[in-house]
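Q: I'd like to learn how to read a few features of a structure. Could we go through them together?

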Amino acid sequence: MEQYVIIGNGVATVGCIEGIRSVDKESPITVVSGENHKVYGRPLISYYLEGKTDLEKMKYRPDDFYDKNGVTLLLGKKATAVDAKAGTVTLDDGAKLPYTKLCVATGSSPFVPPFENLESVKDKYSFMTLDDSLALEKALFPEAKVLIVGAGLIGLKCAEGILDRVASVTICDLADRVLSSILDTECAALMQRHLEKNGMTFLLGDSVARFETNKAFMKSGKEVDFDVLVLAVGVRANIGLVRDAGGETDRGIVVDEDMSTTLPGIYAAGDCAQGPDLSIGAKRVLAILPNAYMQGHTAGVNMAGGEATLKNAIPMNSIGFFGLHAMTAGSYEGDLYEEKTEDSIKRLFTKDDVLKGYILIGRNERAGIYTSMIREKTPISSVNFDVLRKAATTAGFSKQTRKDKFSVPV
Amino acid sequence: MKRVYVNEEWCLGCHLCEFNCAFANSGLSDMVLALKGKPIYPRIHVEEGDKIAYAVSCRHCEDPMCVKSCIAGAITKEDGVVRIDSNKCVGCYTCILVCPYGALAPGESGAMQKCELCLQNSCGEPACAKGCPNNAIVYEDRSPKNTVIDDAANPACF
Ligand SMILES: Cc1cc2nc3c(=O)[nH]c(=O)nc-3n(C[C@H](O)[C@H](O)[C@H](O)COP(=O)(O)OP(=O)(O)OC[C@H]3O[C@@H](n4cnc5c(N)ncnc54)[C@H](O)[C@@H]3O)c2cc1C
């Protein structure tokens, strides 16, 4: 009989629970949840503010998920230390939980750079959790001017979510473009035009020099008045528990393709983990939900004595604003194939006979066919790429591949 | 499990499966009312390449990427069938990003749609296979244990 403990209660934890239960139906599982909520779709917190979902629909699993899986859920409890030798997790209430297998799925925390006089701002929020979203919601009012620091995925999603509920939303970023982690200059410009058309205002290549209650003094000399401030500059993986227990950490908790850390019996998964990224052939934090689930599941299977590895993880993202979707995957290196219109861009990157990555804005039907080519390293010489690059279609695959995909029993 | 399979040698590329699919999932009993003069949102898609055509719909994968990737937890697999709860879907398109078959697309409301084998609509079994004029689409169990081809007609459909 094992004694499983999982720290954190996000999607990686759900993957871990389901992974464990695919092998071991019996042994008890304890989940330590810092947040006082059952698991919800974290990315939905902006859709909640936008009115596209509600607290009930945001539930990532049904209410009876924990019971059905034999999970003891400790809500609103934080793990403060892991003792890898003794095999225990200490909680903030002093309790010690013994484990035989541990998964650390602690996600990430907002990173707030030291802005001068940030303390003077009363109404300031992060945008990472459901509680953040509920608190922000309370602060919004129709005449409110909102300043969001950070034009990344989280900042922009927040902006979209609140735009119709306030008078104005201004977004600033030190980077010279929006979504700088996934879009190049031209693609970012297309998306920015679309966001501006829909009512957002940007101050790019600029950052806040100092705050004074309800005013931001920008490095450029501009001044921005605001009622509500959202800080969405970036996130940092929660690696402290494993680092302090003596495990290897870098930007994330370093894991192998089976999600094991360097400490015996301890696994890590999700936004806190730094595992293999096929697209660069090195370990990297891939802070996206699909990866959290898959890493969690892989960890769970291995914790329960099964065998699983995650070999083909890549960065991939689908993010839409006001009906315009940007999909990105892999790495942007090699030869470029491009198609452009007024309101769409398609960029495919090929190198060494494989598709390395893509950016698709506006035209993303069936993009998963491209994603699968990246993940499976499908040789370009084995497909009809003249057909495939124009449209994502399985008709571009060889007859044998089509047969394998569509005729074999599933 | 019974699944939808295609035989590209027999597909005529007539697209009837797309219309039958859209009709079966329309909730209406009159095909003309359901489809005429409207954009249709079928859950099956005829692929056309160099002298070939065949229809593609959800494979109900053993290990479905869409289920693992859905940010809303709206896609589940139960009893071998991958289903989407359109009520929970927020239209982020992550499932489109990951499906290796290109088998999901937004419906009229913006929520994602996919083949659910017509098990919950009035057809009761895949309308694409039932209406395929050349038997290029079949609904059968090809798992090693069960090789019997089942093409029993459902009189309630069409
Ligand atoms: C606004 C927003 C939008 C997003 N949109 C997308 C998107 O569209 N697509 C996408 O793929 N990804 C998106 N993401 C990222 C996605 O949400 C994450 O990749 C995913 O949720 C990570 O899951 P996780 O289980 O690893 O971590 P988390 O969901 O962060 O869960 C970790 C949990 O651990 C808890 N915890 C931490 N330390 C402790 C401790 N010591 N003791 C107890 N509990 C602890 C935390 O409170 C947290 O609840 C978005 C994120 C945000 C914030």
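Q: Is B:Tyr93 buried or exposed?
A: B:Tyr93 counts as buried because its relative accessibility is 16%. Buried means under 20% relative accessible area, exposed over 50%, and partly exposed in between, with a 1.4 Å probe and protein chains only. Before we go on, note that this is a predicted model, where local features need pLDDT of at least 70, side-chain atom pairs count only at pLDDT 80 or more, and totals for chains, interfaces and linings use all residues. Residues are numbered from 1 along each chain as its sequence is written, chains are lettered from A and ligands numbered from 1 in the order in which they are written, and side-chain values use heavy atoms, leaving out hydrogens and water.

Q: What is the phi of B:Tyr93?
A: Most residues other than glycine have a negative phi. B:Tyr93, though not a glycine, has a positive phi near 75°. You will find B:Tyr93 in the loop between β5 (81–84) and α4 of chain B. Helices (H or I, at least four residues) and strands (E, at least two) are DSSP runs, numbered from the N terminus.

Q: Where is B:Leu117, and what is its phi?
A: B:Leu117 lies in the loop between β7 (112–113) and α5 (127–131) of chain B. Its phi is positive, about 65°, although B:Leu117 is not a glycine. B:Leu117 is buried, with a relative accessible area of 1%.

Q: Which residues of α6(A) are buried?
A: An α-helix has 3.6 residues a turn, so residues three or four places apart point the same way. In α6(A), the buried residues include A:Cys187, A:Leu190, A:Met191, A:His194 and A:Leu195. Contact means heavy atoms within 4.5 Å. Among the elements covering the buried residues of α6(A) are α5 (153–162), β12 (200–204) and β22 (316–321) of chain A.

Q: Which strands form the open sheet with mixed pairing?
A: Two strands pair if DSSP finds at least two bridges between them. The 3 strands of this sheet run in the order β18-β20-β21 in chain A. Its edge strands, β18 (253–254) and β21 (282–285), each pair on one side only. Strand β20 (273–277) pairs with β21(A) in the antiparallel sense over 4 bridges, and A:Pro276 has A:Lys283 in β21(A) as its bridge partner.

Q: How many residues does each chain give to the contact between B and A?
A: Chain B gives 36 residues and chain A gives 41. Buried area is the accessible area (1.4 Å probe) that two parts lose on being put together, summed over both. Here the two chains bury about 3400 Å², with 58% of it on carbon and sulfur atoms. B:Lys68, B:Ile71 and B:Leu97 supply 20% of the area that chain B buries against chain A, more than any other three residues.

Q: How many salt bridges are there between chain B and chain A?
A: A salt bridge is a side-chain nitrogen of Lys or Arg within 4 Å of a carboxyl oxygen of Asp or Glu. Chain B and chain A have 4 of them between them. One salt bridge joins A:Lys399 to B:Glu8, with the closest N and O atoms 3.8 Å apart.
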